Amino acid sequence: MAAPPEEESLGALVAQATNHISTLVRAEIELAKSELKFDAKRVGTAAGLFGVAAFMLHLCLILASFAIAYGLVQLGMMRWLAFTIVTAFYLIVALLLGYVGYRRLKGLTGMKRTARSLKNLREVVDLEDGSAAPNGHRAEPYGAGTVGHHRVPVGTETGSPDPGHTSPRP
């Protein structure tokens, strides 16, 4: 029989809390797995249905192309010329779509903001490790009280003889 809460030791309470937390984390992971499996099945089914729909639309496009070509033949055009006109039309449409797609890709900037953010993060981590700052001085690590403060060497502003000392910018 467990002792009343007032009589349990701090170690026993911490052990119980740790046990409850680990059980909760395991349950959350299992819930996430089951939700992911359910969503993956739905996404797979939807992708399959979209694929079948795209294939059927492609078949309809082929049949419509034959109908257009034979319609031109009925208007008195030679059969080879009618099919050549339909083919040339689709070729022009494909080239235009390819050009628009190329222009869209050409305008991509990459992940400039992410790269800049990672570079800044790396500099902050280097400063917290105590390595030299880019200007050659050892810098104080950033903390909650220094967010937004720019630190500059004191000697460069006031003529102080200690160039290694940094101070908040006034």
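Helices (H or I, at least four residues) and strands (E, at least two) are DSSP runs, numbered from the N terminus. The structure shown is a predicted model, in which local features need pLDDT of at least 70 and side-chain atom pairs count only at pLDDT 80 or more, while totals for chains, interfaces and linings use all residues. Residues are numbered from 1 along each chain as its sequence is written, and side-chain values use heavy atoms, with hydrogens and water left out.

The chain contains 4 helices and 2 strands, and from the N terminus on its elements follow the order α-α-α-β-α-β. Of its 170 residues, 8% are buried; buried means under 20% relative accessible area, exposed over 50%, and partly exposed in between (1.4 Å probe, protein chains only). The accessible surface of the chain, calculated by the Shrake-Rupley method with a 1.4 Å probe, comes to about 14300 Å², and 68% of this belongs to carbon and sulfur atoms.

Helix α1 covers residues 10–74. With 65 residues, α1 reaches 94 Å from its first C-alpha to its last, close to the expected 96 Å; the expected span is 1.5 Å times one less than the number of residues. The buried residues of α1 are Ser 65, Ala 69 and Leu 72, and what covers them includes α2 (79–106). After α1 comes Gly 76, whose phi is positive, near 110°.

Phe 55 is found in α1, and it contributes to a nonpolar surface patch of about 670 Å² together with Val 52, Met 56, Leu 59, Ile 62, Phe 66 and Tyr 70. Patches are made of residues with over 30% relative accessible area and no salt bridge; like charges are joined within 9 Å, and nonpolar side chains (Val, Leu, Ile, Met, Phe, Trp, Tyr) within 5 Å.

An unreviewed UniProt entry places the feature "transmembrane region" at residues 43–68 and 80–102; such annotations may be inferred rather than shown by experiment, and their positions are given in the numbering used here, with feature names shortened. Residues 43–68 are 100% helix and 0% strand, with end C-alpha atoms 37 Å apart. Residues 80–102 are likewise 100% helix and 0% strand, and their end C-alpha atoms lie 32 Å apart.

Side chains of opposite charge can pair when their charged atoms come close. The structure holds 1 salt bridge, defined as a side-chain nitrogen of Lys or Arg within 4 Å of a carboxyl oxygen of Asp or Glu. It joins Lys 33 and Glu 30 (3.9 Å, N to O), which both lie in α1, 3 residues apart, about one turn of the helix. Lys 33 counts as partly exposed because its relative accessibility is 45%, and Glu 30 counts as partly exposed at 48%.

Technical notes:
Contact means heavy atoms within 4.5 Å.
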